[in-house]
Amino acid sequence: MSDVIIIGAGPAGLSAAIAAARLGSAVTVLEKNDRPGRKLLLTGGGRCNVLDPAAPALDALGVYGREGAFLRDALARFDWAEFLRSLGIATELDPDDGRHYVKGGARKMLEAMLDAAEKAGACIVPSAKVKSVVQQGGSPSIWGVAPADSDGPRRGPNYRGDRLILATGGITYPTTGSSGDALAWAAALGHRIDPPSPALAGLATDPCFRGLTGNTVRDAELTAVVGGRKAGSRRGTILFTHGGISGPAAVDLSLDFARAAGAVGAAGVPHQQEQHQQEQQEVLIDFLPTATMADLVAHLSKRGNHAASRALEGFPPAAAAGLPSRLVLEFIRAAGAVSSSPLDHASDKSLRALAHSLKSTRLAVTGLENPAAAVVTLGGISTKDVNPKTMESRLAPGLFFAGELLSPSGPCGGYNLLHAFATGALAGATPADGR
């Protein structure tokens, strides 16, 4: 039996605690908040969206970008369906958005994990803010943790263990406790840090459509352009906000911008390479991805007895996308046409301008609308310093990492929860030095 200290009682920390305790380790979980799982309770708007349990976890590998290769072993060894079954968790498919959710929501997921950890023998200590971690040497390595209210070196660490698992999360949503504390501890022990960047949030744009705030487009295709180069594309629902665009497609696109533009510090200021500071970020929006430009122009040209707005209402791709009438009218005015006049009064130039606006609106992206409320952190502990087969540090035996603290991140839809559960379970089940 070994003594395991885990810092952070979020999805990764609780997954690690369950795995370690079920194997007979004496597990202590230190949580800085007065209650564990604050960020978990926010997932899926409280509904806790997860991946299909019928699909192998490894199938998700490709969504994590270039850093995703590091997760291959963790995902390959993680039985997602069995993990949920062992917790007594059932899922349901939402027919409207096609996503799977936990029956009972995020609260049910958290309670199930806490119950499993307790039954396995793990001890969760709330309001336990950690000031520092210390490697005390020995074989196996002994790790000490000093609480923030201790008086430091004179008294020494208050918690000691053979293994230490850091699962404190990234820098996003600091109100939930994710404030990047462990990045400084890891750096002090020699680990490289991929500077963290907030991601998965609405995009601030210039111009924006304030008059359309609250309106949605059900099917749009977005393309991220950084420095004139395509950085990624997403398709789905977008929501107009007072300062830009949000909704699933825009939020996922923010991850593409973060990956392409380089690492960004906690303050949101690019600093990895000077060139990134000067590279313009833009989003191209195709409001009618199921129609070609030629089809749209041809349709408008043939609807001479109808006003442009009415013509678009009768155009199947526009109806399917659910284009807000105010959006259409704004584009009509911008194209130099008159919304109330028959289309045979509009010039060919106006019709082409209207079609171009609907197929290729270009907006400058000035950042995230609310970086502090971004869902995940891209960047963190460099995977170069972590053994992917165990989640153990290559530099400090007995030290493990799990969850969002690690550099890879995925899009919305349950991918980051899967990452947390899988890396946590692997870290918790692995003895120090792989013994």
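Select aspartate 194 first: its bridge partner in strand E18 is glycine 380. Strands here are DSSP runs of at least two residues (E), helices are runs of at least four (H or I), and both are numbered from the N terminus. The model is predicted, so local features need pLDDT of at least 70 and side-chain atom pairs count only at pLDDT 80 or more, while totals for chains, interfaces and linings use all residues. Residues are numbered from 1 along each chain as its sequence is written, and side-chain values use heavy atoms, with hydrogens and water left out.

Next, display strand E11 (residues 193-199) together with E18; five bridges join these antiparallel strands. Is E18 (residues 376-381) buried or exposed? Six of its six residues are buried, so E18 is largely enclosed by the rest of the structure. Buried means under 20% relative accessible area, exposed over 50%, and partly exposed in between, with a 1.4 Å probe and protein chains only.

Now turn to the open sheet of five strands, whose order is E6-E2-E1-E10-E19 with parallel pairing. Its edge strands, E6 and E19 (399-401), each pair on one side only. Two strands pair if DSSP finds at least two bridges between them. E2 and E6 run parallel and are joined by three bridges; valine 29 has isoleucine 124 in E6 as its bridge partner.

Within E2 (residues 26-30), select threonine 28. Which residues does threonine 28 touch, not counting residues up to four places away in sequence? They are Val4, Ile5, Ile6, Cys123, Val125 and Tyr159, where contact means heavy atoms within 4.5 Å. Threonine 28 and tyrosine 159 are 131 residues apart in sequence, yet their C-alpha atoms are 8.7 Å apart in space.

Proceed to helix H4 (residues 105-120). Its 16 residues, at 1.5 Å a residue, should span 22 Å, and the end C-alpha atoms are 23 Å apart, which agrees. The expected span is 1.5 Å times one less than the number of residues. Buried residues of H4 include Gly105, Met109, Leu110 and Met113. The buried residues of this helix pack against helix H1 (11-22), helix H3 (80-87), E5, strand E6 (123-125) and helix H13 (415-429). Just after H4, glycine 121 takes a positive phi of about 105°.

Finally, select aspartate 94, in the loop between strand E4 (91-93) and strand E5 (100-102). Aspartate 94 counts as buried because its relative accessibility is 14%. Its side chain makes a polar contact with the side chain of arginine 47 (3.0 Å). A polar contact is a pair of N or O atoms within 3.5 Å; within protein, one must be able to donate a hydrogen and the other to accept it, and residues adjacent in sequence count only if both atoms are side-chain atoms.
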